[in-house]
Amino acid sequence: MPMLRDVMAEAGLAFAELDLIAVTTGPGSFTGIRVGLAAARGLALASGLPLLGITAFEAVAAAVPPAERRESLIVAIDSRRADLFIQPFAADGSALSAPAALTPEALVDALPAGALVFAGDGAARARDALGALGRAAILAAANGPPDAADIARLALVHWHPGTLPPPPLPLYLRAPDAAMPGPRRAP
């Protein structure tokens, strides 16, 4: 929470001046998503402000200028495992399909035909995997993680003042790495 205080102070705003709280819903690390959503829910509850969730895919796609988009913009997020989190978007910013966790080798069959532009922190890895399979793609300038400013801009577009958005839910694209322990055996 000290970081939030610092950001608010740098912006010259008090929490009482806010109209809405926005949070990314993932995908990302299981713990990171849980902590971020819990903190945002706590702030919204304490302040009485509405809370709106924005996916990391939406935020990264919004960071790509329209001039850089081709037929398909593919947001690729590094899962920190063997797979990539992928969601394709049309040139107008609308999602072409649901997000998925895919191995780099599975990309060639899962992505739309035509010119591809990759964005996100997994973009270079996805482009290189496609190139190894004989399909060319280019990288957008936005090749990092979601930016808070893009999340805020999208939240303002999606929010309807006077309405209470549904509670944001985490976007998980695979099962958590941690598992419940099995039954204990008697000594």
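Start your tour at the largest pocket, which holds about 1,100 Å³ of space. A pocket here is found on a 1 Å grid over the protein atoms alone, as an open set of points where a 1.4 Å probe fits, with protein on both sides within 12 Å along at least five of seven lines; lining residues have an atom within 4 Å of a point. Grid points are joined across faces, edges and corners, and the volume is the space filled by probe spheres set on the points.

Before you go on, note that this is a predicted model, in which local features need pLDDT of at least 70 and side-chain atom pairs count only at pLDDT 80 or more, while totals for chains, interfaces and linings use all residues. Residues are numbered from 1 along each chain as its sequence is written, and side-chain values use heavy atoms, with hydrogens and water left out.

**Stop one: the largest pocket**

Select L4, V7, I21, A22 and A148, which lie nearest the centre of this pocket among its 29 lining residues. Next, colour α1 (2–11), β1 (21–24), α2 (30–47) and α6, the elements that give two or more residues to the lining. Helices (H or I, at least four residues) and strands (E, at least two) are DSSP runs, numbered from the N terminus. Which element gives the most to the lining of the largest pocket? That is α6, with six residues. By class, this lining has 24 nonpolar, two polar and three charged residues. Ala, Val, Leu, Ile, Met, Phe, Trp, Tyr, Cys and Pro count as nonpolar, Asp, Glu, Lys and Arg as charged, and the others, Gly among them, as polar.

**Stop two: the second largest pocket**

Now select P27, G28, S29, F30 and I33, the residues nearest the centre of the second largest pocket. About 530 Å³ of space lies there. Its lining divides into 16 nonpolar, seven polar and six charged residues, and the largest share, five residues, comes from α2.

**Stop three: the nonpolar cores**

Show F57, V64, L73, V75, I77, F89 and A119: of the 15 residues in the largest nonpolar core, these touch the most other members. Such a core is a set of buried Ala, Val, Leu, Ile, Met, Phe, Trp, Tyr and Cys residues joined through side-chain atoms within 4.5 Å. Buried means under 20% relative accessible area, exposed over 50%, and partly exposed in between (1.4 Å probe, protein chains only). The elements giving two or more residues to this core are α3 (56–63), β3, β4 and β6 (116–119), and α3 gives the most, with four. A second, separate core of 14 residues includes A76, L107, L116 and A137.

**Stop four: the salt bridges**

How many salt bridges does the structure hold? There are six, each a side-chain nitrogen of Lys or Arg within 4 Å of a carboxyl oxygen of Asp or Glu. Select D78, R80, D121 and R125, which are linked in a network of salt bridges. D78 meets R80 at 2.9 Å, N to O; D78 is partly exposed at 23% relative accessible area, whereas R80 is exposed at 58%. D78 also meets R125 at 3.6 Å, N to O. D78 lies in strand β3 (residues 72–78) and R125 in helix α5 (residues 123–132), so this pair ties together parts that are 47 residues apart in sequence.

Finish with D83 and R174, whose side chains meet in a salt bridge at 3.0 Å, N to O. This pair links distant parts of the chain, 91 residues apart: D83 is in the loop between β3 and β4 (84–90), and R174 in the segment after α6 (148–158). D83 is buried at 12%, while R174 is partly exposed at 31%.
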